[in-house]
Every structure is written in structure tokens, then in C-alpha cells.
Amino acid sequence: MTASVVIVGSSVAGVRTAQALRRGAYEGRIVLLGAESELPYDKPPLSKQFLAGEWPAERFALLSAEAAEQARIELRLGVAADHLDVAERQVVMANGKRIGYDVVVLATGSQARPSPWVAESGLHVLRTIADSQALAADLARDGPVVVVGGGFIGAEVAATARSLGREVTIVDPLEVPVGRLLGREVGSMFVDLHHRNRVATHFGTGVKSVEGRAGQLTVRLTDGQTLTAATVVVGIGALPNDSWLASSGLLVDDGVVCDEYCRAVNAPEVFAVGDVARWMHLGYGESCRVEHWTNAVDQAACVAHNVFHPEALRAYRPVEYVWSDQYDWKIQIVGRPTRATSHCLIGDLGRPSARAAGKPRAVALYKDDSAQFTAAAIVNWPKALVTARRLLAVGSSFDDALSQLEQLAGPRMEPIS
Amino acid sequence: MAVVKADFETCQGYANCVMAAPEVYDIDDEGTVVLLKEEITDEERAKVDEAVNSCPVSALSVEDA
């Protein structure tokens with residue numbers, strides 16, 4: 001019998017694990033540890049609605065003090081975990097305090113990859129609510145914004161800054177930043193999207209240095225050009241928060257290495273969930289680590305089940321799902337496009353005028369060498385999202401998926417390639 | 001027996017609910033959740049709880065009747 005579960009990390013993966021344990025009728029002790037002193041909050045709005053000043057923080061709280069008390073989740077906030085004593089089954093906190101466990105769930109998430117450039121002030125990364133507040137304060141003042149990194153976080157920040165009326169330039173060493181994920185053809189449409197919204201891009205160019213202070217920053221590019229900025233945002237990826245486990249004896253390799261049940265490979269009473277977990281995905285036949293919101297929630301449900309039901313373990317093999325809101329595009333990606341070798345596009349994404357009313361909409365379907373449907377990227381098309389997710393969940397062939405999506409599109413939307 | 005509710009203004013069309021409980025939730029062409037039924041059985045409760053929990057904007061709820 002597991003008398004106590006300690007969850008390290010109070011973001012969505014940790015909170016949802018605690019809630020799922022209680023909902024699953026686990027009656028033992030649950031302790032939820034968080035390094036930040038804020039009550040648990042959600043992260044997606046930090047680059048969008050919260051950054052834009054549209055949503056107050058209360059709107060995306062994950063767990064109130066009352067809800068925690070009601071669910072008998074002991075919240076310990078404001079102290080980071082320092083290391084894990086696997087032999088003694090104790091989490092050792094930064095203040096020296098030790099918290100014993102029968103099962104521990106590691107949910108320490110990830111952090112923004114630090115900026116390799118240093119300026120006096122006005123240079124931001126975005127990960128926490130404090131980061132978002134600091135960036136919002138700088139974006140409130142007029143002046144040009146340079147975003148380093150053309151991935152989803154960078155693009156969302158660029159779109160938000162643009163909506164606040166700022167002049168925005170994005171820099172990325174790749175010519176088609178989203179092409180790395182979605183292929184060059186689809187990726188190019190994301191480049192056009194920035195231009196249509198009057199955001200400038202310097203793609204295929206790296207950053208050499210950032211100097212100065214808020215309001216008066218100079219960004220030097222590797223191609224010799226110089227940009228001036230009031231604010232610089234660096235969005236160049238995330239790193240799992242696993243360095244605190246270096247002395248634990250756990251196998252850590254870009255995340256805590258786990259089996260298909262999300263148990264640490266060399267300590268079955270240690271589970272990992274969310275951004276920090278590198279588990280064996282049986283569908284892919286390799287280990288993977290996923291940094292998306294829905295993965296944190298789905299994995300939390302699986303981990304809670306496996307913690308409470310060690311006699312009936314469930315393998316975690318999700319269909320990945322991530323969304324991004326950029327300008328007037330709602331973008332959703334299902335499955336893993338990087339596992340594909342070719343794709344087919346249905347819709348009018350590159351030709352916004354083709355749809356008389358409403359926003360452009362499209363779906364790109366991806367297939368691998370065995371003609372299996374592996375992924376879809378959807379823009380502004382909710383029905384296509386649902387269809388694609390269902391088909392991926394049942395392991396549809398690419399031809400079946402293509403014919404169903406074409407049928408959904410109707411005669412007006414012929415495949416382009 | 002329990003009753004499901006949705007905040008149609010808050011819904012953003014992420015469709016996590018449709019995947020969790022397809023017999024209770026669908027999504028319309030504009031990306032707003034559609035409730036296929038309002039009262040659910042005890043057997044459906046676990047799936048509906050999962051759907052409620054997986055909504056990124058907390059637009060769903062379930063209440064005991």
C-alpha cells in the first residue's frame with residue numbers, strides 16, 4: 001500500500017497528477033511541492049492573453065488553496081527541491097528539510113533555454129508568470145521589439161507584441177524556422193503569415209550580440225546587419241529541469257529516463273511526468289520527451305493510474321497534440337510530423353482570398369514510408385482537427401485519412417499537392 | 001446521474017473533450033463545443049471527468065444532479 005505520494009513540481013503535470021490520484025479514489029497522503037511561491041498556474045496564456053493584458057492571472061489558476069484543501073493536497077510552495085535521496089526515499093529541499101515518500105512523481109518541468117547574450121536590461125526570456133509580467137511592462141512602452149527565435153513561442157510573442165501596436169522583427173538562423181517541424185512548403189506559409197501581419201523577418205541569420213539597455217538595445221546579426229530595439233525577447237527552446245537529480249543515481253539523459261509506464265528505469269517507486277519525463281513510447285519504439293500542455297495532462301492521468309494500480313500498469317503511448325495561436329491563425333498539430341517523409345495539403349492556407357468569408361483554413365496531412373498517416377497540421381479548421389485526431393488514434397492509413405479529409409473539405413477545396 | 005455544462009464563450013475548439021468523451025461532446029464548424037447530451041450515467045462519469053480536466057481553458061464542468 002502506498003501511504004504517501006510526493007509530487008515535485010506544481011505546474012500542470014504535477015497538479016493534474018495530484019487531482020487524478022484523488023479522483024481515482026487514492027486515499028493516502030499527497031504532498032505537492034513547488035519552487036515558485038505563486039499558487040499553481042497555467043502557462044499557455046503567458047505568451048498570449050496574459051501578455052496582452054486581456055486575461056487576469058485568476059483566469060488561468062490551476063489549483064486554489066481551497067481546492068487543494070478540499071482534495072487534501074498538501075501544498076508546499078516557494079522552496080525548490082535540492083536533490084533526491086533515492087535510498088532513503090526522501091526529497092531534500094533547498095532549506096535542508098527532508099520529505100519522505102513511498103512514491104515520488106518528478107514533475108519539475110522545463111525552463112527557457114537561457115539567452116547566450118547579455119544586456120544591461122530589456123532582454124527577456126519567457127517561461128514563468130514573473131517573466132511574462134516583466135515582458136508585458138516593457139512591451140507597454142512604445143519602441144521596436146526584436147524576437148530571437150522563430151518557433152512557436154517566438155511567433156506567439158511576435159503576434160502579441162504586434163497586437164499591442166509594436167513594430168516587430170523576428171530573427172532565426174533557419175530560413176524557414178517552422179520548416180524543421182512541418183516541412184519547407186508548409187513552413188513557408190508561416191513565414192508569409194508574419195509578413196501579412198507586417199512583422200519583419202530576418203531568417204537564415206543568427207544573432208552575434210545584444211548590447212545596451214531597455215529602450216536602447218542593439219542587436220548585431222551574423223550577416224553584418226544591425227537592428228535597434230527597445231525590447232528583445234529570446235525564445236530559443238526549453239531545457240528539462242533535471243540537473244537537481246544529478247546526484248540521485250537516476251538515469252538522466254535530456255529528461256528522467258523512464259520505461260513505458262513512466263517509471264524511472266532504475267527506481268520503480270520514482271515516476272516522471274510532463275516536460276521532464278523521457279519515457280519509452282511503444283508506438284514510436286524509442287524514448288521521447290514532449291513539452292506540450294496536453295501531454296502533461298494525458299501523462300498525468302496515466303501516471304496517477306500507475307501509481308495507484310501497480311498491479312495493472314498502463315503503457316503511455318499518446319498521439320501528440322499541440323496548439324499555437326498566431327495572429328488570426330489557430331494552429332494545431334497532431335502526431336509527429338518529423339516522423340513523416342511526405343505530405344499533402346488540403347485547403348487555401350496560402351491563398352487567403354480563396355475563401356470569400358472567414359479566415360483561411362487548411363490541413364496538411366503527413367505520411368511515412370509505409371503509407372501510414374503519421375501527423376496533421378491544421379489551421380482554423382476545427383472539424384478537420386477532430387477528424388485527424390480520431391484517425392490518428394486508430395492508426396489510419398494515409399489514403400483513408402486523405403479521402404476523409406477531402407470529403408470534409410467538399411468540392412471547393414481541392415488538394416494542392 | 002450527473003449534468004454536464006459548457007461555457008460556449010470560453011471554448012476555443014481544442015477538441016480534447018471530443019477525444020476523451022466522444023459520446024458526450026462534439027465540436028461545430030466554428031470550433032465551439034456541442035453537448036450531445038446533458039445528463040450522463042455513472043458509467044460515463046470517468047470519461048467526462050477526464051474531458052473536463054483536459055480542457056485547456058476550463059470551459060467544461062459536471063455537476064451531480
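Guide: Just after helix 1 of chain A, A:Ala25 takes a positive phi of about 75 degrees. Helices (H or I, at least four residues) and strands (E, at least two) are DSSP runs, numbered from the N terminus. Residues are numbered from 1 along each chain as its sequence is written, with chains lettered from A and ligands numbered from 1 in the order in which they are written. This is a predicted model, in which local features need pLDDT of at least 70 and side-chain atom pairs count only at pLDDT 80 or more, while totals for chains, interfaces and linings use all residues. Here pLDDT is the predictor's confidence in each residue, from 0 to 100.

Now step back into the helix itself. Helix 1 of chain A covers residues 12–23 and reaches 16 Å from its first C-alpha to its last. That is close to the 16 Å expected at 1.5 Å a residue, where the expected span is 1.5 Å times one less than the number of residues.

Because 10 of its 12 residues are buried, helix 1 of chain A is largely enclosed by the rest of the structure. Buried means that 20 or more other C-beta atoms, placed from the backbone, lie within 10 Å of a residue's own. Among the buried residues are A:Val12, A:Arg16 and A:Leu21.

What do they pack against? Their partners include strand 1 (4–8) and helix 7 (293–308) of chain A, together with helix 2 (42–53) of chain B. Contact here means C-beta atoms, placed from the backbone, within 7 Å. Chain B averages a pLDDT of 95, and the predictor gives the complex an ipTM of 0.95.

Conventions. Two residues are in contact if their C-beta atoms, placed from the backbone, lie within 7 Å.
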